Every structure is written in C-alpha cells, then in structure tokens.
Amino acid sequence: SVAYATEQILLNLIRVIGVAAFSLVIGVSAPVIVVLFFVTLSYLEVVKVYTKAGGAYVVARENFGPKVAQIAAVSLLIDYTLTVAVSVAAGVAALTSVFAGLTRYTVWIAIGFVVLIAFGNLRGIREAGRTFAVPTYFFVVNMVILIVVGIVKDALGQLHPLSLDQPNHVMIGRPGGGLLLGASLFIVMKAFAAGGSALTGTEAISNGVSVFRQPEARNARQTLVIMAVILGSLVMGVAYLASIVHPVPRNSGTPTVVAQIAKYVYGNGVVGHAFYIALQGGTMLILVLAANTSFTGFPFLASFAADDSYLPRQLTRRGHRLVFSTGIIVLTVVSVAILLVTRARVDSLIPLYAIGVFTGFTIAGAGMVKYHLTHREPQWQRRAVINGTASVLSFIVDIIIAVTKFTEGAWVVIVLLPVGVLILLRLHRQYVDEDKQLEQDASIACEAPVLRKHVVLVFIDRMDLATARAIQYARTLSPDDLRAVHFAVDPIEAAELEADWSRLGLSRLPLDIIDCPDRRLARCSLELAAQTTGDGTTELTILLP
C-alpha cells in the first residue's frame, strides 16, 4: 500500500486546492501512521492471547459469540477480496508506468497475475512464503534507497517542484487561505480516508499465526512490529518526497506518483534509469504479491467460519498440498470479476476499500477489551486501554470512510455487510436444522426391527456399462423386488430405451417408465419413494449409476 496510499491522498486534495495539496500531504499522512501505531499495538495483544489463529473473527467469536463474529467475517472477507483487486491493479499501473504501450492490456495483465498467484498458493503455503520473500525485500531496499537519495538531494538543494502542467493530469483546483489552505474539513477527511488504505493487510498476520514457525506467537509478533515500522516509515518517506517534488496524479493512473518521484530523484542517467527500472520492477512485484496476503488470510478465515457452520463446509477442506483449495479458488473467481467490472483502475477500487478492514480492527479491539475485563491477567488495565484506543480510532476511521466515500462506491460495501451477515446467519440456521433432523430418533432407528420387504430401484437414463454394473450390484443385495426405473422427460428417448431393453434381453428385469413432462425429477423420485414405502413394511434402496 506504500505504492498507492500517498497518491490516493493527493488525488482527493489536488482536485480541490491544487498545489496546496503538497503542503497538506504530510499532515494528512501523519494521522494514518498514528492509527497504524495503535492498531499494531492492538494486534500484538491479539496474537499474544490467540496463539494459533487470532483474527477479528476468532476474537469476536470467543468474546461476543458467533453471531457478532459474522460481522467481522463478512467485513474481512470483503476486504481480502478487494485487497487482491487493488494490489494487482496498482501493480499493473507500476508496470505500465515504464511500458506505456501495455496500458490497453491492463485488465488482462491483472487477471493473469491473479491466476498466477492463485496457482502459487495452490502449490502450498510454505512454497509461497519462499517464493514471495525475495521480491518483498527487493522492494523495501529499493524504496529505502529512493527515500535516502531523495532526502540527500533535497538537503543539497538539488530537488525542486515539478510543473503541475503535465500531460493527462487530473483536474487541478485553486489553493485558498486558512489552516487547511482552502480545503474543507470534509475534503481533508476524504483524503485521510483514502490514505487509510495503507493499513489494509495489517490483520492478516493474526489470521495466519499457525503458518509461522515455532514459537508461532513470538515470531508473529516480531513480524507484525517489523512490518508496521517498515510500512509507517515508507509511507511518511513517500509523503515527504511528494511534498518536495510535486508529482501530479494522471487520469490514466500512469505514470504513478511513486514512478514520477523516482524518475525525478534518480535523473535521466544510465545509473539513475537502472535504479528507476529496479524500483518499478520491485513495486510491481510487491503489489502483485501483496495479493498473497489475501490468498493466505481469506482461506483461513473462510475455514473458521465454515467450521462454525456459517459458510459452506467445503471451505474447510484442504487440498493435496494441505491448503484450503476451495477458498483460494473462490477468492480468485471473485477478484477476477471485480477487476473486470472496475477495469482494474485503482481509483475506482479505493472507495470500496478499507471499510471492511477497519470494521475488523474495531471488532478485534473491542473483543480484546472484553477479554481483558473478563480474565484480568497481569497488566490487564494497560492492555485494555491499548485495545480500546485502537477500537475507537478504527471506528472513527470507519465512519469517516463511510461518509466521505459513500457516493463514490462505499455504499456498495455498506449494503453488502448487513446482507452478507444475514446470509451467513441464514446458512447457519439451515445447517443447524439439518443436523437436528439427521440426529432425531437416530438411536431408535438403529434398534428398530428389520422391515419385512426390501425393494431395490435402479434409476437409469440409458443402457450403458454403468447401468449394467448397477443392476449387477443390485442383485447382490438379495432384494424381494428389483426394478429399473426411467423418468420419461423425452418420449422418444424413453421409447428407444425400451427397444434397447428388449434387444439386449433384459426383459426379465422390469423396466418402469414414469412420465415426467415437467422435468421435476426430484419430485418424481420422492413421490415414487413415498409410494413404495407407504405400507410401512418396506425398506427401499435406490441406486444411481
């Protein structure tokens, strides 16, 4: 998110106050870092208590019950999905900043990256960790070099503001007076909300604690601290350089703000161009691979909810590489659909972004406050204050995002959240009802006397090897009555089946043709079963070849 957070802040400011936006960008970025600080402290407490998996879902479930936990589940599932779309779209923007001719293929390149990441994760989490580590370090090193070189050149007086009159630039407003230089509080809050996208992904470590080597909790906490320090430093570094260089966001999204800063800081020499290409390559890789955060977190979270019967239970199953294959595939399909709808434009995706994750931050912090009040472990008051502060700040950010981004697309997420929660609750009720029905009178049924008559019906569609083997197996059940049944959806096919039946010498086995003109095969099957067992003395077995 370092690669696009500052650009999103500038987009909201430049359109209103023009060049004055560069004087406010650091002031708007600073509160984002403050929120990051408290959210990080909050999740350090989460990981310390929930040492196997402690995301907002688990915290809410353990402290508020499963129903409240579904709010966290839906919000984080939405956020994980959008993280894939935003990260990949921004990664492609970094690529097209260097190779402008690829801009028209943006959507298909983004989809290709998503499929590639999905394949890597289906190969297994441990392989994915090794694969994605090198680009991560490469990006961080390149960003540090850019910021250090930029600060040194600025100290030497070698950096000056670029002209605002750039090709294809966004609309540029006029600066005003006052503390906010002509911007209303609403506009500043809108820019802050866009910058809040920098925090997305922070919670993923707590969702995947079990992925870490032993001791998992300590390693996860160390990783969380390192990640937060790197994130905060790089965001402020980019904001500082932006305030000096004055990069103007483009309508096409490319070249990006980071690309413009790097191009100017490094200059046009051979060495400078090499550093520029390295940075853009690293930026593209880290943004594309940032989607891996979701490909790790989404399947784990979905499996937790499915384990509690709030999502389809297929999401709990691991593939042959011991990863949650179904969750990975679902995330891939939905992310590709979002990229197609938004044409892989970051500025179209950001308004949908961050509401989900800040809702998760809020619930996780509140759940930990409840935990501290209940268990009262050593230093619980201090720990409760940390989690409570993070929860309140996250809730405030959530409100700011919902209000300032409502008309730009945030309403979609605001509508999806309650609808998604209702769907999960309805699915859970269905699972509970089915479990009750399956368990009802089970012990009595086990001890019930064997019924007097056993009828075996073989449902057939056509005469082939599968049907023949089913009939042969049916005979091994020693039925009192064995019949083949065909539901006649098409009279011509039914007549052909009867002819084949006689031609193959199967007339000794009765073939019942049952008309089913409305094609409601399930209803016809149930009616036939009810008729067959209606006397109360018949056991019925149905075979489906």
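Trainee: Which residues form a nonpolar patch on the surface, with about 470 Å² of accessible area together?

Mentor: This is a predicted model, in which local features need pLDDT of at least 70, side-chain atom pairs count only at pLDDT 80 or more, and totals for chains, interfaces and linings use all residues. Residues are numbered from 1 along each chain as its sequence is written, and side-chain values use heavy atoms, with hydrogens and water left out. Such a patch joins nonpolar side chains (Val, Leu, Ile, Met, Phe, Trp, Tyr) within 5 Å, from residues with over 30% relative accessible area and no salt bridge; areas follow the Shrake-Rupley method with a 1.4 Å probe, only the protein chains shown counting as cover. The members are Phe406, Trp411, Val415, Val419 and Ile423.

Trainee: Is Cys516 buried or exposed?

Mentor: Buried means under 20% relative accessible area, exposed over 50%, and partly exposed in between (1.4 Å probe, protein chains only). Cys516 has a relative accessible area of 0%, so Cys516 is buried.

Trainee: How many disulfides does the structure hold?

Mentor: A disulfide is a pair of cysteine sulfur atoms within 2.5 Å. The structure's count of disulfides is 0.

Trainee: Which residue does Arg61 meet in a salt bridge at 2.8 Å, N to O?

Mentor: A salt bridge is a side-chain nitrogen of Lys or Arg within 4 Å of a carboxyl oxygen of Asp or Glu. At 2.8 Å, N to O, the partner of Arg61 is Asp308.

Key
Patches are made of residues with over 30% relative accessible area and no salt bridge: like charges are joined within 9 Å, nonpolar side chains (Val, Leu, Ile, Met, Phe, Trp, Tyr) within 5 Å.
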